[in-house]
Amino acid sequence: MATYSQPAILRKHIQVRGIVQGVGFRPFVYNLARKLELTGYVFNSSSGVTIEIEGPEPALALFVDQLRSSPPPLSRVEEIVASELAACGHEDFVIRDSVAQAGEFVLVSPDVGTCDDCWRDFSDPNDRRFGYPFTNCTNCGPRYTIIQDIPYDRPFTTMSGFEMCGACAAEYHDPTDRRFHAQPNACPVCGPTLALAQAGSFVPDGRWAFGFGELSLSIMRDARQALHEGKIVALKGLGGFLFACDAQNDNAVRLLRQRKRRSDKPFALMSRDIASAESFCVLDETDRASLLSSRRPIVILPRRADADISGSIAPGNNTIGVMLPYTPLHYLLFSDSPEDPSEFPALVMTSGNISEEPIVISNEDAWQRLAPIADCFLFHNRDIYMRNDDSVVRTFAGKERVLRRSRGYVPHPADLGMPLNEILACGGELMNTFCLTKDHYAILSQHIGDLENYETLLFFEETLANLKKLFRVQPRAVAFDLHPRYMSSRFARELALERKIGVQHHHAHIASCMAENHLREKVIGVAFDGTGYGTDGQIWGGEFLVADFAGFERRAHLRYIPLPGGDAAIRQPWRVALSYLRDTFGNSIPERALGFSPVPENERGIVETMLARRINTVQTSSCGRLFDAVASLIGLRHQVNFEGQAAIELEAIIAPNLEDRYDFEITADDVAQIDMRPMIARMVQDLASNSQAEISAKFHNTLGAAIVEVCARIRKSDGINRVCLSGGTFQNIYLLKRAVDGLEKHGFEVYLHSAVPPNDGGISLGQAVIANEAISNRQ
């Protein structure tokens with residue numbers, strides 16, 4: 001009779017790293033072990049998820065394979081390390097309490113938009129969470145904005161003060177339930193609640209009348225009625241307060257602009273669903289995927305010409321930023337349930353802050369600071385620990401391109417695939433982010449904003465303290481921009497760290513693109529933006545570099561022109577236009593060119609004198625200022641209210657299907673200059689015969705051709721075929737497409753940003769990898 005041997009019983013210790021906490025990983029492990037009849041335990045630790053598993057060898061192999069191939073949807077497994085142990089005879093498989101470990105860190109999940117299962121719970125009149133604004137589970141809901149420390153357990157979140165009712169506790173402790181260890185788990189009986197207060201009303205001791213959870217629908221109906229009446233509602237969201245008003249009510253939108261002192265900068269919109277968004281925007285499949293993703297970003301979309309929304313939402317712009325609801329609270333601003341028709345095609349949904357200050361997160365702060373703007377306040381009593389704005393993306397070439405990286409993306413780090421020292425990179429001044437590095441991760445902060453006031457500096461510091469704590473980072477060096485007046489650079493220089501490494505702005509742009517694309521060898525870097533302090537003390541911004549992490553050589557740039565009045569020229573593009581005209585024509589500017597701007601003669605005369613005598617001027621090669629000059633020269637925009645406004649409007653009017661371009665020259669110097677004087681001269685002639693749209697198209701085509709021509713010359717001399725495009729100018733989709741198509745037609749390998757912004761929100765990553773290279777080489 002044949003005998004069969006039983007499979008050997010083995011025991012393994014397994015450490016799983018990545019985003020594996022707060023995403024249902026332990027119940028996944030528990031249920032998988034039970035299904036395969038394995039024994040042992042699992043627990044959260046400060047370094048990830050720790051598993052000890054015992055059973056027959058084939059079942060253990062299948063278990064490890066399933067960990068890699070079929071983890072929970074929101075998890076991201078970065079590493080699995082397994083070691084053999086002697087079998088010990090575990091009798092069952094259990095989930096143990098979490099264990100904190102000194103110096104260890106775990107990847108923290110970003111906040112996640114409401115999942116389909118929770119939408120169903122929230123929408124079902126027979127479900128106990130019907131209409132409950134804070135419905136969530138292990139697969140969705142707040143994470144980063146409520147986490148105070150790791151491991152990710154309820155006592156270390158802002159939900160610690162809400163004791164779960166019996167029904168919620170049963171879900172929380174049941175490994176087979178999707179709300180097992182969902183730290184924000186709650187219901188109308190035991191969870192956060194709402195309050196609606198009229199601005200200016202008397203609130204004793206700052207105590208708002210938070211109703212029971214069952215009153216949520218009634219409170220939300222009152223909020224919707226306020227929106228119908230044209231009122232501005234300040235509502236507490238996931239990462240901070242938001243201002244909302246009816247997007248079809250032009251008076252309400254104008255009033256919000258007036259109160260917020262935001263004259264032209266576009267507002268974002270929120271629509272209840274894709275169908276509503278398509279009524280006023282054009283979407284392709286990539287746009288739909290971004291809108292519906294769990295990250296729920298604001299997606300920049302082409303606006304329909306017949307869109308039935310206020311023209312004051314994005315004046316001078318043919319695109320609109322749109323997002324879908326990412327919490328049940330947002331959904332209730334449109335209707336009680338999906339069965340009811342939406343009461344609004346769209347709502348304006350913009351950051352709840354005073355202009356240029358960080359988004360407000362506390363009820364008390366909102367009541368005091370936002371009262372001059374809001375007519376009423378929609379509060380809730382779940383604290384926000386870390387403020388986090390909405391993210392902004394645009395799609396290009398079938399891929400999402402992040403322009404502002406915040407909610408839904410942060411704090412997930414970038415795995416750079418190389419060893420990194422512990423470094424702090426402080427970023428720039430506008431659209432600031434900072435970056436911490438540890439192991440092989442680059443941890444970028446959320447969007448901080450323009451670092452130009454004390455309130456924003458405090459936000460920078462509180463975010464830095466939080467991310468250092470969560471990721472257990474103790475920087476040994478700091479990197480910063482060379483600009484001597486940037487607040488971020490002054491902050492860096494004052495730190496008590498031995499290594500302080502200044503990094504040129506445009507080198508950081510190119511290094512950021514290289515790091516995101518895992519490039520290490522030299523590339524041709526094209527960095528086009530508005531402002532960056534150069535190594536010669538001038539303002540750069542139209543740069544062609546040969547660069548790697550170790551250094552760069554400046555090979556070409558837009559021809560220098562004087563910038564009269566410094567920052568005043570940034571706010572008044574007519575000054576830059578006058579500088580370009582003077583550079584092109586000398587003292588013989590044609591009459592038709594001098595009529596481009598309605599500036600009074602005496603004011604123009606002052607600037608003429610500044611240019612002639614080089615008083616209060618600085619030389620600049622800025623591509624952003626070239627856009628400003630062209631916009632003013634053709635009579636489109638002579639003053640701006642926000643950075644990039646003239647460029648946005650210039651892109652918006654481009655005449656389609658026009659291939660003509662202007663001439664330009666490239667000097668033969670060691671550092672070549674791209675001379676746009678032939679373009680300016682012909683553009684002045686075109687003022688008499690060409691439309692603004694035609695001139696804009698020809699200008700964009702000229703820039704695209706210049707990029708290709710200069711890169712071809714550098715390839716011929718250096719043999720480099722890889723090109724990285726970075727800088728805020730490449731948020732211009734028309735120019736980006738012209739450049740990419742032209743370069744690829746000439747056989748270049750072109751690399752773009754995707755997960756990291758191309759604007760100054762991405763330079764902290766470049767600073768970090770450049771500083772890391774400097775430290776490593778010194779070692």
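1. Cys115 is buried, at 14% relative accessibility. Buried means under 20% relative accessible area, exposed over 50%, and partly exposed in between (1.4 Å probe, protein chains only). This is a predicted model: local features need pLDDT of at least 70, side-chain atom pairs count only at pLDDT 80 or more, and totals for chains, interfaces and linings use all residues. Residues are numbered from 1 along each chain as its sequence is written, and side-chain values use heavy atoms, with hydrogens and water left out.

2. How many disulfides does the structure hold? It holds 0. A disulfide here is a pair of cysteine sulfur atoms within 2.5 Å. The closest cysteine sulfur to that of Cys115 is in Cys137, at 3.6 Å, so it is too far for a bond. Cys187 has its closest cysteine sulfur in Cys165, 3.6 Å away, again too far for a bond. Cys187 is buried, at 1%.

3. Ser310 sits in the loop between strand 10 (298-302) and strand 11 (319-323). Strands are DSSP runs (E, at least two residues), numbered from the N terminus. Ser310 is buried, at 3%. Its side chain makes a polar contact with the side chain of Asp250, at 2.5 Å. A polar contact is a pair of N or O atoms within 3.5 Å; within protein, one must be able to donate a hydrogen and the other to accept it, and residues adjacent in sequence count only if both atoms are side-chain atoms.

4. His412 lies in the loop between strand 15 (399-404) and strand 16 (414-425). His412 is buried, at 10% relative accessibility. Beyond four places in sequence, its contacts (heavy atoms within 4.5 Å) include Arg76, Glu78 and Arg405.

Key:
Helices (H or I, at least four residues) and strands (E, at least two) are DSSP runs, numbered from the N terminus.
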